[in-house]
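Work through the exercises below with the sequence and the model open. Each task is followed by its solution.

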Amino acid sequence: MEKGKPRLVRLTAIVTQLQGKRIVTATELAAKYKVSIRTIYRDIRTLEQSGIPIYTEEGKGYCLVEGYNLPPVMFTEEEANALITAEQIINKNKDTSFVDGYVSAVEKIKAVLKYSQKDKATLLTQRLQIRSNLENQKTSSYLMQLQTALTNYKVIQINYLSLEQKETKRDIEPFALIHNKDNWVLIAFCRLRKDFRAFRVDCIQQMVISSNTFNPHKITLEDYFDMARKKWESTPDISMT
């Protein structure tokens with residue numbers, strides 16, 4: 001948001017951000033809205049005084065009290081158009097679980113649009129065409145399950161057919177997901193290889209999310225890329241196995 005926007009607009013945006021994240025810091029809000037941290041403190045007090053139940057976690061940040069629901073957010077025309085555009089792009093994705101999940105979510109979002117916005121959304125849908133994956137191929141259906149396993153630190157058991165047509169069974173610890181050249185790639189710690197490996201999601205033949213959990217890995221995605229870069233430099237023909 002540009003500096004100089006009315007305070008009411010900023011307060012509304014802060015509430016929206018509190019709805020979307022579990023914890024939001026004053027530093028994060030100050031940077032986003034280009035104001036001082038002291039201004040954010042005053043904004044939070046104003047919201048509390050207006051009846052918004054904001055809880056302060058000492059040393060962490062702010063969050064809405066669990067269970068508190070705000071009225072549906074009204075979308076601007078630009079925001080509604082962005083959602084419709086994203087829907088058209090995601091419809092071309094090759095993972096059916098991702099497409100189905102987004103379509104279900106965006107239908108709920110469309111339900112809160114005003115009638116005039118719904119008409120415009122329908123028109124825009126009819127006048128947009130994404131020129132990728134023209135055959136509308138669907139090559140996998142595990143993305144949503146993988147995301148759930150990743151965020152809950154669940155061990156996954158997979159039957160994997162590599163690009164070299166080598167079939168293996170693996171117990172893996174999901175770490176990250178990357179979308180690259182129309183394909184989803186899972187980065188995971190492979191218990192068989194005892195190292196991180198990249199798995200194309202469309203090469204997973206079968207998958208079971210086990211009840212076993214693993215300890216979160218003490219590296220960031222940037223750390224992984226640094227490690228992978230060093231491997232590629234020493235073995236440039238490294239493949240997904």
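The model is predicted: local features need pLDDT of at least 70 and side-chain atom pairs pLDDT 80 or more, while totals for chains, interfaces and linings use all residues. Residues are numbered from 1 along each chain as its sequence is written, and side-chain values use heavy atoms, without hydrogens and water.

**Exercise 1.** Determine how many salt bridges there are, and describe the one between R22 and E57.

Solution. 
- Step 1: Take the criterion, a side-chain nitrogen of Lys or Arg within 4 Å of a carboxyl oxygen of Asp or Glu. It gives 12 salt bridges.
- Step 2: For R22 and E57, the closest N and O atoms are 3.5 Å apart.
- Step 3: Locate the partners, with helices (H or I, at least four residues) and strands (E, at least two) taken as DSSP runs numbered from the N terminus.
- Step 4: Classify by relative accessible area: buried is under 20%, exposed over 50%, partly exposed in between (1.4 Å probe, protein chains only). R22, at 60%, is exposed, whereas E57, at 18%, is buried.
- Step 5: R22, E57 and K60 are linked in a network of salt bridges.

**Exercise 2.** Characterise the salt bridges E77 to K120 and D202 to R200.

Solution. 
- Step 1: E77 and K120 have an N to O distance of 3.3 Å.
- Step 2: E77 is partly exposed at 39%, and K120 is partly exposed at 43%.
- Step 3: In the pair D202 and R200, the closest N and O atoms lie 2.7 Å apart. D202 is partly exposed at 21%; R200 is buried at 19%.

**Exercise 3.** In what order do the 5 strands of the open sheet lie, and which stand at the edges?

Solution. 
- Step 1: Strands pair if DSSP finds at least two bridges between them. The order is β6-β5-β4-β3-β7, with antiparallel pairing.
- Step 2: β6 (195–200) and β7 (204–213) are the edge strands; each has a single partner strand, so one side of each lacks a neighbour in the sheet.
- Step 3: Strand β3 (residues 154–161) is joined to β7 by 6 bridges. N159 has Q206 in β7 as its bridge partner.
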